[in-house]
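The questions below go through one structure and its contacts.

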Amino acid sequence: MKNNIRVERAIKNITQADLADLIGVSRQTINTIESNRYVPSTVLALKIARVFDKPVEQIFMLDDTD
Amino acid sequence: MKTRFLFPYWCRFLGYALFIVHIPIVMFRKNIGFDTNAPLDHGLFTGHHLFFMATTLLMAVGLFLAAFSKEKIEDEQISQLRLDSLQWAIYVNYLLLIVSLIFTTDTEHILFLNLLVPLVFFIVRFQWKIFQNNRLLRKDENPS
């Protein structure tokens, strides 16, 4: 699964730490999601989407390998 | 995030402390008056048995607390990591158990190994992964 959290963060101008605080996870978790080392649960994906005020599909997309 | 069956964060340090305390006690058992090379009197609640029980309990409880205490921030990524490390620990433990069952008949030491390996391997693997994540995070934040 791919995601464009990094881009969305840049648009909204918030850091990984800010995003982590907003959804109540650690900075490490945001970092592992951004670098595609961890696939978040649906709950976490929905929370991230809510922060950016966009549907989940615009932030997380299926990869060719999925 | 709600977590079940985990000790509070400070229990980790208590756990490490108990484990560290147990090492000199076992190392200097002769000085304290428990020479395990002396002819063993087999039986429950003899001096030797009580000493063995006390030190082993100290070690096991220490490792247990250190292994299953909460992280500072508990989230789903940490639980995933914990679960992953547990799986690894069980694999390694059973591999060692099977190998030692085939190649030795020293059941007392096999038991001891079985007591130690899953928890120690779990702690090392889990903390190593957290360390790696932190390093990658730092690299990401200051890419110099």
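Q: Which residues of the largest nonpolar core touch the most other members?
A: The model is predicted. Its largest nonpolar core holds 17 residues. Those that touch the most other members are A:I5, A:I48 and A:F52.

Q: Which element gives the most residues to this core?
A: Two or more residues come from each of α2 (16-23), α3 and α4 (42-52) of chain A. The top contribution is six residues, and the element that gives them is α4(A).

Q: Which residues does A:I5 touch, not counting those up to four places away in sequence?
A: A:I5 is one of the core members that touch the most others. Its contacts include the charged residue A:E34.

Q: How many residues of α3(A) are buried?
A: The buried residues of α3(A) are A:Q28, A:T29, A:I30, A:N31, A:T32, A:I33 and A:E34. The helix is therefore largely enclosed by the rest of the structure. Out of eight residues, the number buried is seven.

Q: Is A:E34 buried or exposed?
A: A:E34 sits in helix α3 (residues 27-34) of chain A. Beyond its neighbours within four places in sequence, A:E34 is in contact with A:N3, A:I5, A:R6, A:R9 and A:Q16. Buried means under 20% relative accessible area. The value for A:E34 is 7%, so this residue is buried.

Q: How many residues apart in sequence are the parts tied together by A:E34 and A:R6?
A: The two side chains meet in a salt bridge, at 3.4 Å from N to O. A:E34 lies in helix α3 of chain A and A:R6 in helix α1 (residues 5-12) of chain A, so the separation in sequence is 28 residues.

Q: How far apart are the closest N and O atoms of A:R9 and A:E34?
A: Both A:R9 and A:E34 are buried. They form a salt bridge. The pair links helix α1 to helix α3 of chain A, 25 residues apart. The closest N and O atoms are separated by 2.6 Å.

Q: Which residues are joined into one network by salt bridges that share partners?
A: A:R27 and B:E141 also meet in a salt bridge, at 3.2 Å from N to O. This pair crosses from helix α3 of chain A to helix α5 of chain B. The network built on shared partners consists of A:R6, A:R9, A:E34 and B:D140.

Q: How much area do chain B and chain A bury between them?
A: The contact takes 11 residues from chain B and 14 residues from chain A. On the chain B side, B:E76, B:Q77 and B:L137 lose the most area, together 44% of what that side buries. Carbon and sulfur atoms carry 46% of the total, which is about 1200 Å².

Q: Which element supplies the largest share of the side of chain B that touches chain A?
A: Across this interface there are 11 residue pairs in polar contact. On the chain B side, α4 (76-103) and α5 (107-141) each supply at least two residues. The largest share is six residues, and its source is α5(B).

How values were computed: Residues are numbered from 1 along each chain as its sequence is written. Chains are lettered from A and ligands numbered from 1 in the order in which they are written. This is a predicted model: local features need pLDDT of at least 70, side-chain atom pairs count only at pLDDT 80 or more; totals for chains, interfaces and linings use all residues. Side-chain values use heavy atoms; hydrogens and water are left out. Contact means heavy atoms within 4.5 Å. Buried area is the accessible area (1.4 Å probe) that two parts lose on being put together, summed over both. A polar contact is a pair of N or O atoms within 3.5 Å; within protein, one must be able to donate a hydrogen and the other to accept it, and residues adjacent in sequence count only if both atoms are side-chain atoms. Helices (H or I, at least four residues) and strands (E, at least two) are DSSP runs, numbered from the N terminus. Buried means under 20% relative accessible area, exposed over 50%, partly exposed in between (1.4 Å probe, protein chains only). A nonpolar core is a set of buried Ala, Val, Leu, Ile, Met, Phe, Trp, Tyr and Cys residues joined through side-chain atoms within 4.5 Å. A salt bridge is a side-chain nitrogen of Lys or Arg within 4 Å of a carboxyl oxygen of Asp or Glu.
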